[in-house]
Each structure stands twice: as structure tokens, then as C-alpha cells.
Amino acid sequence: MATPDESPAAKRWLPLEANPDVMNQFLWGLGLPESEAECCDVYGLDDELLSMVPQPVLAVLFLYPITSQTEEERLQQDNEKRDVSSKVYFMKQTVGNACGTIGLLHSVGNITSEIKLQEGSFLDRFFKSTAIMDPLERAAFLEKDGEMEVAHTVAATAGDTEASENVDTHFICFTCVDGQLYELDGRKSGPISHGASSRGTLLQDAAEVIKGMIQKNPESFNFNVIALTKKVAGAV
């Protein structure tokens, strides 16, 4: 989806499919060890279906349709003052259709103390290089990174549906930092706190926020929820 920071000549990528298999190959290829974490589908937001998601959940990705209502709410939120932990890793989106990749970067960037990235890998180098940058500097760094663009393109063409630049859906990430549930959306001015949370309740807390977003678009069915979960040694 086009972003508010785009110029008419801004770079555009093919959108990433909401497909855990595609995302796993993408992340594993960039340096997130397969033994550390993986993406999986969240089949529903009621307690029974949420209980089927492997724990612990490290981040939640949500794909939703962009409508006039969601755009109005985004502009309203951008005008609100908010307190955000300095530990939150956040970046803006200036590349069209890059929201899936940025959602994954937000997911991994806020759990680097909980997982071990492959030393010297793309993700390891990316987060070390951008650690002290501001959100727009991180966006510019990503936009100029040819290695990531190639990896994204390979992933975007590996899905089950034909890739097209013309999409009206958008990925965001939910993560827990310093005991707060944060919504990370590169099209917004900064992270949005949705109140207290914990690693153990991240999925349920994110689900409550997602339910509210879905209720605002009752006529749409174009939603998808994916969890990034930590692999536990010995788990089957």
C-alpha cells in the first residue's frame, strides 16, 4: 500500500503474502535461526483457537484492509501525544508495499534480547547498524539496502497468489516492551501503546485490539493474523 511518506517517484516493492511458510523462509534466510522462532497462523480470536498457538508468542502480525475509516483514525492518532518506552524499536515506512517486511523487522527488532540471531547475518548487521538511528533514518537505510530488496522480492514471488503492486491491505505488528502492548505501524508517526501486557498475555491482549479493529470494518473479510513464536527446546 502507498504510504503517506511516499513521493510520486518513491520506490515500490511487491507485497508480501500473509503466509507463515513464506515468512519463515524469508526470516530464516536473513539470519533468524530456524531453531529460535517461527511464524504460524492464528486461526481465530476466541480463547479456544488462541490456545492452539504455540507459546511463548514473541510478536503478532495483523493484516487488515485500508479504508477511509482506518485512514481517518490514523491521522487522528498521529496528532495525539503518547508516552513510548525508549526500548521500542520502530521504523517508518517509505517504500510502497514494504509493510510486510517492516512488520517482520518490527517483530524481530523488539526481541533481539530473547533470541539469538546468526552472527554476521543480514538481520544481525541490520539491527546493529540501525540501533541508534531514528525511525526515518531506519526507513532510509532500508530503502537503500539492495540485499533486503532482493530478499523481499524473492519472498513476495514465492507465495500462492500472484504478486501485484495494487493492494489495499496493510500489515502492522503488536509487541510487548517494558510491560506495555505496542502497535507498530510504519505509516503512523510512532508506536501506539494499548496498555499493560506481558509475554504470557501478548497474544490475548493483541487479539482484543484486533477484534476492535475488525468490528470497525464489519463488511470486510480481508483480515489475517500471524504469530511469531519462540521455539522451546524439546517441544514437539
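# Reading a predicted fold

Guide: In this predicted model, residues 24 or more positions apart account for 75% of the contacts in the chain with a separation of 6 or more. The chain has eight helices and six strands, and along the sequence these follow the pattern α-β-α-β-α-α-α-α-α-β-β-β-α-β. Of its 236 residues, 50% count as buried.

Visitor: What is the strand order of the open sheet?

Guide: The six strands are arranged as β1-β6-β2-β3-β4-β5, and their pairing is antiparallel. β1 (37-41) and β5 (192-196) each have a single partner strand, so these two are the edges, and one side of each lacks a neighbour in the sheet. On average, neighbouring strands are turned by 25° against each other, direction ignored.

Visitor: How many bridges join β2 to β3, and how many join β3 to β4?

Guide: β2 and β3 pair over six bridges, in the antiparallel sense. Bridge partners across this pairing include Y64 with H170 and V60 with F174. Five bridges join β3 to β4, again running antiparallel, and here C176 stands opposite L181 of β4. In the hairpin of β3 and β4, two residues lie between the strands, and D178 takes a positive phi near 50°.

Visitor: Why is β2 called largely enclosed?

Guide: Nine of the nine residues of β2 are buried, so the strand is largely enclosed by the rest of the structure.

Visitor: Which helices lie across the strands β1, β2, β3 and β6?

Guide: Helix α1 (residues 20-30) lies across β1, β2, β3 (169-177) and β6, running at about 165° to β1. Helix α4 (residues 99-109) lies across β1, β2, β3, β4 (180-184) and β6, and runs at about 5° to β3.

Visitor: Why are α4 and α5 called roughly perpendicular?

Guide: α4 and helix α5 (residues 122-130) pack at an angle of about 80°, with their axes 11 Å apart. Angles of 65 to 115 degrees count as roughly perpendicular, and α4 and α5 are therefore placed in that class. L105, V108 and G109 of α4 meet L123, F126 and F127 of α5. These residues divide into five nonpolar, one polar and no charged.

Visitor: Which residues of α5 are buried, and what covers them?

Guide: F122, L123, D124, F126, F127 and T130 of α5 are buried. Their cover includes α1, α4, α6 (135-143) and α7 (146-156).

Visitor: Which residues have the most contacts inside the largest nonpolar core?

Guide: L123 and L228 have the most contacts inside this core, which has 43 residues. Not counting residues up to four places away in sequence, L228 touches L27, L32, A37, E38, C39, V57, L58, A59, S107, V108 and I111. Apart from this core lies another, of 23 residues, among them C176, I210, M213 and A227. In soluble globular proteins, nonpolar side chains tend to be buried together.

Visitor: Why does T94 count as buried?

Guide: Buried means under 20% relative accessible area. T94 has 13% relative accessibility, so it counts as buried. T94 lies in the loop between α3 (68-78) and α4. The C-alpha atoms of T94 and A140 are separated by 7.5 Å, although the two are 46 residues apart along the chain.

Visitor: Is G29 buried or exposed?

Guide: Exposed means over 50%. G29 has a relative accessible area of 65%, so it is exposed. G29 lies in helix α1. G29 and A151 are 122 residues apart in sequence and 8.3 Å apart in space, C-alpha to C-alpha.

Conventions
Residues are numbered from 1 along each chain as its sequence is written. This is a predicted model: local features need pLDDT of at least 70, side-chain atom pairs count only at pLDDT 80 or more; totals for chains, interfaces and linings use all residues. Side-chain values use heavy atoms; hydrogens and water are left out. Two strands pair if DSSP finds at least two bridges between them. Helices (H or I, at least four residues) and strands (E, at least two) are DSSP runs, numbered from the N terminus. Axes are lines fitted to C-alpha atoms, for helices over the stretch in contact, and angles run from 0 to 180 degrees between N-to-C directions. Contact means heavy atoms within 4.5 Å. A nonpolar core is a set of buried Ala, Val, Leu, Ile, Met, Phe, Trp, Tyr and Cys residues joined through side-chain atoms within 4.5 Å. Buried means under 20% relative accessible area, exposed over 50%, partly exposed in between (1.4 Å probe, protein chains only). Angles under 35 degrees count as roughly parallel, over 145 as roughly antiparallel, 65 to 115 as roughly perpendicular and the rest as oblique. Ala, Val, Leu, Ile, Met, Phe, Trp, Tyr, Cys and Pro count as nonpolar, Asp, Glu, Lys and Arg as charged, and the others, Gly among them, as polar.
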